[in-house]
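Here's a quick briefing to read alongside the model. Have the sequence and the 3D view open as you go.

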Amino acid sequence: MDILFFKLSLIVYLIASAGFLFFIIKKNKKVGYWSHKIMLLGFALNSIYLTLSYYQLGAVPALTFKTSLSFLSWTIIAAYIIFQVKFKLMVLGSFVVPFSTFLMIISSTIPISTITVRPIFKGLWLPLHVGTSLLGDGIFAIAFIAALMYLIQERQIKSKRLGAFYTRLPSLNSLDSLNYHAINYGFLLLTIGMITGSIVAQGSHGSYWRWDPKEVWSLITWLCYAALLHQRMAAGWRGRRSALMSIGCFLILIFTFVGVNFLMEGYHSFESLERSQLP
Amino acid sequence: MIKIVNIGMNHETAPVELRELAAVGKHSIDEVMGVIRTIEDIKESMVLSTCNRVEILFTTDNEKGATESVIDFLCRYSQISREKLLPILYIYNDQEAIRHIFRVGASLDSLIIGEPQIIGQVKEAYRIALDHKSSSVILNKLMHRTFSLAKKIRTETEISGSAVSISFAAVELGKKIFGDLKGKKVLLIGAGEMAELAATYLVHNRVDKIKVANRTFRRAVEVADQFHGETISFEEIGDQLLHIDIVITSTSSPEPIISSDQVKKAMKGRKNRPLFFIDIAVPRNVEPGVNEIENAFVYTIDDLKGIIESNLSKRKDEAVKAERMVDEEVIKFSEWLKTLDVVPTIVALKEKCKKIRQIELKKSLSNLGNLTPEQRKSVENLAVSITKKVLNDPIIFLKSKENRSSRNLYLDITQKLFNLDSNNENTNKKSYK
């Protein structure tokens with residue numbers, strides 16, 4: 001039953017992505033408007049899927065790479081919907097929705113693995129830890145996309161060759177301020193995610209911090225974003241430089257999200273999460 | 001058969017001196033409409049006069065006569081001799097006239113393709129025609145199609161998409177850098193005409209304050225007053241760079257006025273808030289290196305000209321798309337126009353039946369002797385409903401869309417079958433009398 005909602009939401013997202021791409025190419029506002037509505041439908045279906053899996057599993061559905069990817073794509077869309085209210089940059093959807101759909105597709109190609117849910121996965125702290133961390137990641141993805149859009153638009157204006165992107169992309173100012181806000185909120189959620197994570201670790205392993213690779217890399221990511229925020233606030237960084245740095249930070253974040261889980265052994269790796277015993 | 005005709009001249013066919021003579025100003029439009037309306041052969045009419053064109057659009061049953069009368073009127077009105085007038089006039093009829101008014105409304109026939117004023121001028125001309133009650137079924141439909149097509153072309157193509165004047169291009173760039181120009185501070189260095197024009201556009205976009213620096217102080221005060229701004233001296237420019245967002249330079253100084261070092265220093269002070277230089281001066285007033293500085297953007301007059309040129313050629317590409325949309329609309333409208341052809345035949349058919357009915361009723365009622373009013377009424381009803389029902393199917397058939405291609409054939413057959421030609425009226429009368 002739950003997998004049906006996953007498939008439905010993927011199909012709806014694919015339609016919305018096609019609509020958003022048509023919207024940015026043809027600049028057809030009506031199509032953009034409807035793509036947004038369709039995306040909301042896909043988001044609702046995806047939410048139903050996640051809720052159902054939560055109840056079926058008895059734990060947050062982000063314990064395997066497959067499920068955490070689909071959860072991440074949900075948080076990216078969630079972050080986009082929230083930022084859309086303030087920034088109203090419809091064209092952002094043309095980047096975010098296909099990106100998020102792409103993550104869903106990858107997730108759908110990974111075979112389902114049944115996992116034993118250990119008692120420590122139940123309870124309130126783990127969903128809070130996973131939820132805030134992944135929502136933080138989703139918001140950082142928005143910051144990353146805004147930074148990419150900024151660099152494209154800045155290139156267009158500086159080089160004085162005003163190409164197809166010039167008319168379609170928003171102003172430098174709105175992209176820069178979107179990037180700034182996204183990093184602020186992403187940082188806040190990442191911080192909460194790390195604090196709640198240490199509480200979960202205390203409950204399950206008896207210590208708040210164990211120098212697990214995931215923990216170390218999360219700390220590195222956190223420090224990078226902290227440095228970026230500092231440069232923005234104190235040194236008045238703006239525009240190109242902070243866009244480049246937020247792209248760099250996001251690459252580190254991707255490594256923390258994917259690389260650490262596959263390349264390094266630790267209790268955060270999906271392999272160990274799927275095992276029924278504590279390492 | 002009703003015809004649509006459009007007679008006029010535009011920026012391509014007529015030089016401005018002659019267009020001026022034929023132009024119909026606000027004060028004389030009523031008079032002109034009055035004259036044209038009373039031309040015998042003209043049924044509906046509309047006069048469109050702008051600085052680039054003078055056109056008279058009308059419908060008529062007698063194309064030749066009406067066209068001659070309108071040309072005569074134009075000769076009289078503009079005081080241009082017929083020999084001089086004819087070569088600069090274009091006369092379109094039917095499909096060509098429809099296409100022409102569609103193209104005018106969609107700004108495809110404009111001096112600058114895609115300029116937005118024309119549709120407003122066409123609407124105004126139509127409104128005046130409505131005031132004079134000189135527009136009816138055909139022109140109403142034609143103008144409404146013109147308006148909706150123009151809107152469709154404007155939204156679905158990029159014919160009016162990007163700026164084609166220096167000032168507009170600069171304002172557009174400003175919006176792409178700052179998002180909103182509201183509250184931005186502007187500094188004019190040098191107060192040439194072009195700088196003034198650009199500043200005017202910026203003020204339209206609600207920039208906050210305009211400051212002016214000029215070698216001759218009097219001119220600076222003059223320009224500053226115009227925008228309710230203030231004047232500063234050349235020495236203050238460096239400090240001003242900390243607060244200003246947009247700088248327009250247009251002095252004749254042989255040396256750059258704004259140096260890279262100056263801007264680099266200012267950037268620190270202004271916490272990297274973007275700074276936009278519009279350098280209209282030749283030679284340049286802003287060092288080329290300034291554009292390399294982060295968050296500083298420099299556009300020279302040549303850059304802006306380059307943008308305009310590429311925008312103009314983009315518009316021309318888009319115009320091809322728009323022409324195709326016009327073609328489609330012309331076909332649709334001609335189809336609709338053709339449906340009007342069936343109206344006279346249907347009317348004649350109905351008329352004929354009505355006549356027969358009335359004559360036959362008269363005969364029968366006199367034969368039937370004294371009837372009560374109810375009886376009389378029901379006999380009349382019987383006759384009416386028989387004729388109506390007999391005619392129902394043929395009329396639906398003639399009106400139906402499927403038969404459009406062979407409509408003329410069916411019209412012909414109907415007229416022959418029912419003997420509807422006007423010259424047969426006499427024989428009809430004979431046979432019934």
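A word on confidence before anything else: pLDDT is the predictor's confidence in each residue, on a scale from 0 to 100. This is a predicted model, so local features need pLDDT of at least 70 and side-chain atom pairs count only at pLDDT 80 or more, while totals for chains, interfaces and linings use all residues. Residues are numbered from 1 along each chain as its sequence is written, chains are lettered from A and ligands numbered from 1 in the order in which they are written, and side-chain values use heavy atoms, with hydrogens and water left out. The model scores ipTM 0.85 and pTM 0.74.

**Confidence in chain B**

- Chain B has a mean pLDDT of 87, with 96% of its residues at 70 or more.
- Helices and strands here are DSSP runs (H or I, at least four residues, for helices; E, at least two, for strands), numbered from the N terminus.
- Within chain B, confidence is highest in helix α5 (residues 95–105), at a mean of 95, and lowest in helix α17 (residues 425–432), at 36.
- Residues 423–433 of chain B have pLDDT below 50, and beyond near neighbours in sequence this stretch makes seven contacts in the model; contact means heavy atoms within 4.5 Å.
- Where pLDDT is low, the predicted coordinates should not be read in detail.

**Chain B overall**

- Chain B has 17 helices and 10 strands.
- Its radius of gyration is 33 Å, well over the 22 Å that the globule rule gives for 433 residues, so chain B is more spread out than a compact globule.
- For reference, that radius is taken over C-alpha atoms, and the globule rule is 2.2 Å times the number of residues to the power 0.38.
- Along the principal axes, the C-alpha atoms of chain B fill a box of roughly 115 × 50 × 40 Å.
- Of its 433 residues, 47% count as buried, where buried means under 20% relative accessible area, exposed over 50% and partly exposed in between (1.4 Å probe, protein chains only).
- Take the contacts in chain B between residues at least 6 apart in sequence: 70% of them join residues at least 24 apart.
- Chain B exposes about 22800 Å², with carbon and sulfur atoms supplying 53% of that; areas come from the Shrake-Rupley method with a 1.4 Å probe, and for residues only the protein chains shown count as cover.
- The 65 positive and 60 negative charges of chain B have mean positions 8 Å apart.
- In that count, Lys and Arg are positive and Asp and Glu negative, with His and the chain ends not counted; each charge is placed at NZ of Lys, CZ of Arg, CG of Asp or CD of Glu.

**Spots to look at in chain B**

- Helix α5(B) is mostly covered, with eight of its 11 residues buried; B:F102 and B:R103 are among them.
- B:E329 sits in helix α13 (residues 301–339) of chain B and is buried, at 9% relative accessible area.
- Leaving aside neighbours within four places in sequence, B:E329 is in contact with B:F102, B:R145 and B:L149.
- B:A348, in helix α14 (residues 342–368) of chain B, is partly exposed at 28% relative accessibility.

**Chain A overall**

- Chain A has 10 helices and zero strands.
- Its radius of gyration is 19 Å, which agrees with the value near 19 Å for a compact globule of 279 residues.
- The C-alpha trace of chain A spans about 60 × 45 × 30 Å along its principal axes.
- Buried residues make up 53% of the 279 in chain A.
- Chain A has an accessible surface of about 12500 Å², 71% of which belongs to carbon and sulfur atoms.
- The mean positions of its 23 positive and 9 negative charges lie 18 Å apart.

**Spots to look at in chain A**

- A:S9, in helix α1 (residues 2–26) of chain A, is buried at 0% relative accessibility.
- Beyond neighbours within four places in sequence, A:S9 is in contact with A:G42, A:L45, A:N46 and A:M104.
- A:V97 lies in helix α4 (residues 90–109) of chain A and is buried, with a relative accessible area of 0%.
- Not counting residues up to four places away in sequence, A:V97 touches several residues, including A:Y13, A:F20 and A:Y80.
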